[in-house]
Structure formats: structure tokens, C-alpha cells
Amino acid sequence: MERRHFLSLMGMAALSACVSSGSKSNNGSSSAVADSFSGHIFPQLGYGYDALQPYIDAQTMELHYDKHHRGYYKKFMAAIDGSELEKTPMHQIFANISRHSESVRNNGGGYYNHMLFWENMSPDGGDPSARLLNAIVKNFGSYDEFKAEFNSAAKSHFGSGWAWLYMDSDKNLKVTSTPNQDNPLMDVNPEKGIPLLALDVWEHAYYLKYQNMRGDYVDNFWNVINWKTVSKRWEKAHKGEWEG
Ligand code: MN
């Protein structure tokens with residue numbers, strides 16, 4: 001059941017990517033996109049609340065998914081109710097986020113970022129694909145240097161936010177962090193690109209288990225990264241078949 005929902009979600013992402021690749025417009029006026037995009041859905045988790053233990057505990061997962069994430073989704077849907085954004089893919093909304101309300105920015109970011117976060121974790125996520133690993137080595141010098149840079153971004157980010165691996169417009173892999181629920185797709189973010197790997201460093205993501213030890217939470221994240229999903233995301237982004 002959960003597997004089916006997960007595949008369904010991935011199918012939606014693929015459809016969205018397919019549709020958006022046919023349009024270079026970022027202003028939401030593309031009728032092809034408006035006609036084809038089926039709307040914003042709240043995703044099912046691809047695994048159980050306890051699947052990522054001991055690294056992420058079941059209670060944190062349940063609260064995070066069912067309360068925090070669902071809350072962002074509900075507020076986002078309320079913020080766009082009756083507007084054209086109901087039919088606009090998230091990456092197009094983010095490309096013009098400076099024109100929209102704080103509620104759309106914060107809750108739309110919260111809705112989207114958590115979808116990536118759930119997808120890029122798994123109890124058996126494997127390793128980066130050979131091609132992705134090559135790109136990581138090319139861009140960061142080594143896998144360990146990439147890991148150190150990502151860890152530093154996640155551990156040193158002040159306050160609530162996210163750490164990211166993303167691909168910039170020159171197809172280079174980069175690491176950054178963003179405040180609140182911002183992400184690299186947003187036009188307000190100084191470092192822009194397509195997000196590939198997301199780590200939530202809000203206290204609600206780890207405080208029940210780790211309390212003030214954010215560093216331990218970040219270190220343990222590497223045990224649950226779904227490199228299969230991240231590798232597929234990067235392959236599509238690299239080919240221009242996925243814009244976020
Ligand atoms: Mn969160």
C-alpha cells in the first residue's frame with residue numbers, strides 16, 4: 001500500500017517534470033502547464049514512521065509528517081485558494097516567489113521541502129550512482145569533501161532552515177543552506193538551482209531524540225539517505241527533464 005502511494009507520488013513528479021520541460025515560461029501563463037498540472041497533493045510516506053530508527057525516531061517522524069508537514073500543506077492550500085497558483089507547479093511558483101505573499105513562501109516552501117526530505121530518506125537507500133559519484137568528485141574534490149561541506153552547512157546554519165545539495169544553472173553541484181522554509185528554487189535565494197538532497201535542520205526535526213545535539217542528528221542523516229532517489233533526481237535534472 002505504502003509502496004503504491006510512493007510510486008504514485010513519483011509518477012506525479014515525473015509527470016510534472018515532463019510537462020514543465022515543454023515550457024520555458026516561468027510566469028505561470030503557459031496554458032499547457034495550466035491544463036496538464038493536476039494540482040497540489042499531500043504525499044503519502046513511502047515507509048513507516050519507525051523505518052528510519054534508530055537514526056530518526058518514530059514519534060518525531062509521526063509528528064513531523066502528520067502535524068508539521070500537513071500543517072504547511074493546509075496553510076499553503078488556504079493561501080492559494082481560488083488563485084491560479086492552484087494549477088501552477090511548485091518550481092514555477094518558487095521562480096516568482098518574490099511576487100507572492102509570505103504565507104505562500106513559508107507554507108509553500110514547507111510543503112515542497114518536506115516532500116523532497118521524505119523522498120530522499122530510506123532505510124536501504126544504497127550509494128550514489130557511479131555517474132553521480134563522478135560528478136560529486138569533480139565538483140567537490142572527493143566524496144569526503146562533499147560530505148564535510150554538507151555537514152558544515154547543516155551544523156553551522158543559524159536557527160531554523162535547511163541544508164541542500166543542488167545543481168546550479170551550469171550543472172555544477174553545490175552545497176548551501178537556506179533560512180526558514182526557503183529553498184534554492186526561490187528567486188529570493190542568492191544561491192539558485194535545482195534541489196537534489198535536502199536536510200531539515202529545524203529543531204522539530206530532531207529535538208525529541210537529539211535535544212541540542214544537532215551535530216549528531218546531521219551525522220546520522222548519512223545512514224538514511226536514499227541515494228537511489230537522489231541519483232535519479234540528479235540524472236533527470238542533468239538531462240533537463242526535471243526543474244524541481
Ligand atoms: Mn520540518
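**Strands and a Manganese Site**

Visitor: Which residue takes a positive phi in the hairpin of β1 and β2?

Guide: In this hairpin, which has 5 residues between the strands, K171 takes a positive phi near 65°. The model is a predicted one: local features need pLDDT of at least 70 and side-chain atom pairs count only at pLDDT 80 or more, while totals for chains, interfaces and linings use all residues. Residues are numbered from 1 along each chain as its sequence is written, and side-chain values use heavy atoms, with hydrogens and water left out.

Visitor: Why are β1 and β2 called paired strands?

Guide: Strands are DSSP runs (E, at least two residues; helices are H or I, at least four), numbered from the N terminus. Two strands pair if DSSP finds at least two bridges between them. Strand β1 (residues 161-167) and strand β2 (residues 173-179) have 7 bridges, in the antiparallel sense, and therefore they meet the definition.

Visitor: Why is β1 described as largely enclosed by the rest of the structure?

Guide: Buried means under 20% relative accessible area (exposed is over 50%, partly exposed in between; 1.4 Å probe, protein chains only). In β1, 7 of the 7 residues are buried, so the strand is largely enclosed. G161, A163, L165 and M167 point one way, and W162, W164 and Y166 point the other way.

Visitor: How do you know which protein atoms are donors of the manganese ion?

Guide: Donors are N, O and S atoms within 2.8 Å of the metal (3.2 Å for Na, K and Ca); water is not among the atoms, so sites may look incomplete. H64 (NE2), H114 (NE2), D200 (OD) and H204 (NE2) lie 1.9 to 2.1 Å from the ion, and therefore they qualify. H114 in helix α5 (residues 102-119) and D200 in strand β3 (residues 194-200) are 86 residues apart, and both are buried.
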